[in-house]
Every structure is written in structure tokens, then in C-alpha cells.
Amino acid sequence: MQKEYTVTVYTEDRIGITNRITIIFTRRGINITSLTTAETEIPGVYKFIITVMSTREKLDKVVGQIERLIEIHRAFVHEEDEVVYQELALYKISTKSLHTGDIERLIRENNARILTITADYFVIEKTGHQQELTDFIKKLEPYGLIEYSKSGRVAIVKWSRRFHEHLKELQAQEAENGL
């Protein structure tokens, strides 16, 4: 049965690695709905957070293929209850709506905040899960929504401590060997 999964991939920083990872999903007919990547707390190790709709069986095969790439430390498939995650959204709204106090109340009630205000527009920031962020769009439309942009998923795995300790040990060994 298809459902949403989060795939985390720990890599070295190499040119072309994003393409090499995403092509594996493409070849299996899996559409990536979200992709976020950044350096981890360990210098030189990057974490890809990939959100997909697929079956567990297909993803287990994809992870196996990804792990065969030289630059990959490890790759994992996670179900929703195995990760803590958020997404970030920015909403550009017409400044005209600030003249009524309603929008400020709406912003507070939805745990959002104003980032910047100009003569023509202001920008609201909100974090949450995808549905929460898209629901907020509907609430903002009557106030003159100009533009909307959303990040990919940012996630922390609930059980990843041992793996991170392993990565730190590798880093210490490389430092000792002068690599």
C-alpha cells in the first residue's frame, strides 16, 4: 500500500550526488514530493531528507541501491511515527489588510509571525505540517494573499543516536589519520 515515507540519506559532500540519488527514485517510478539537504552537526557529512509516496518494499530496494553509491554513509526509510518533522512556509500579503486588526489576530491564533513589512506587502512565517500550512493559505486569501512559498520537510529521526555516534567515530579516525 502506498503511503508517505521519509527517507534520510547521509552522504559526503560531492558534486552530482543529488542527481545520483534522485535518478534512483526516478528509475523506480517514485516521485519525490519534498527534498531538503544540509550539512549535519558533523563537518563534511550531509543529510538528505526526502519525502515520497510509495510502498515500503519499493523504498527498501531504493535504499539498497542508494547505499551502493560510494559517497553514501547510510540511508534509511522512516514511517511518519519514527520522525519529528516540520516544514516552513512564507506568505506575502497585501499591506492593506494590516489596517484591520483581524489579520493580526489570525496570525497569533495560528502561531505564525510577521517577518517584514513594506509599503506594499508584509511577509508571514509559519512552521507546521503540510496540511496545516496549506490550510493557512485558505485563511489568508481574503486578506490579499500575493505569494506563497514552502520548504521541504526538515526531520530528526527519533532513534538515530547510535548512527550519529558511529559517524563521529569515523570523523575522529579520519582526523587521526590526517584525512
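Colleague: Which residues of helix H1 are buried?

Modeller: In H1 (residues 17-27), they are Ile-17, Ile-21, Thr-22, Ile-24 and Phe-25. Buried means under 20% relative accessible area, exposed over 50% and partly exposed in between, with a 1.4 Å probe and protein chains only. Helices (H or I, at least four residues) and strands (E, at least two) are DSSP runs, numbered from the N terminus. This is a predicted model, in which local features need pLDDT of at least 70, side-chain atom pairs count only at pLDDT 80 or more, and totals for chains, interfaces and linings use all residues. Residues are numbered from 1 along each chain as its sequence is written, and side-chain values use heavy atoms, with hydrogens and water left out.

Colleague: Why are the buried residues of H1 said to line one face?

Modeller: Seen down the axis of H1, the buried residues fall within an arc of 145 degrees, so they line one face of the helix. The arc is that of the directions from the helix axis to the C-beta atoms. An α-helix has 3.6 residues a turn, so residues three or four places apart point the same way. The face of H1 turned away from its buried side carries the exposed residues Asn-19, Thr-26 and Arg-27.

Colleague: Why are H1 and H2 called roughly antiparallel?

Modeller: Their axes come within 10 Å and cross at roughly 150 degrees. Axes are lines fitted to C-alpha atoms, for helices over the stretch in contact, and angles run from 0 to 180 degrees between N-to-C directions. Angles under 35 degrees count as roughly parallel, over 145 as roughly antiparallel, 65 to 115 as roughly perpendicular and the rest as oblique. H1 and H2 are therefore roughly antiparallel to each other.

Colleague: Which residues of H1 and H2 meet?

Modeller: Ile-21, Ile-24 and Phe-25 in H1 meet Leu-59, Val-62, Gln-65 and Ile-66 in H2. Contact means heavy atoms within 4.5 Å.

Colleague: What makes Ser-94 buried?

Modeller: Ser-94 has a relative accessible area of 15%, so it is buried. Ser-94 lies in strand S5 (residues 83-94). Leaving aside residues up to four places away in sequence, Ser-94 touches Asp-120, Tyr-121, Phe-122, Tyr-143, Gly-144 and Ile-146.

Colleague: Why are the buried residues of H4 placed on the same side?

Modeller: In helix H4 (residues 130-140), Leu-133, Phe-136, Ile-137 and Leu-140 are buried. They cover an arc of only 110 degrees around the axis, which puts them on the same side of H4. The face of H4 turned away from its buried side carries the exposed residues Gln-131 and Lys-138.
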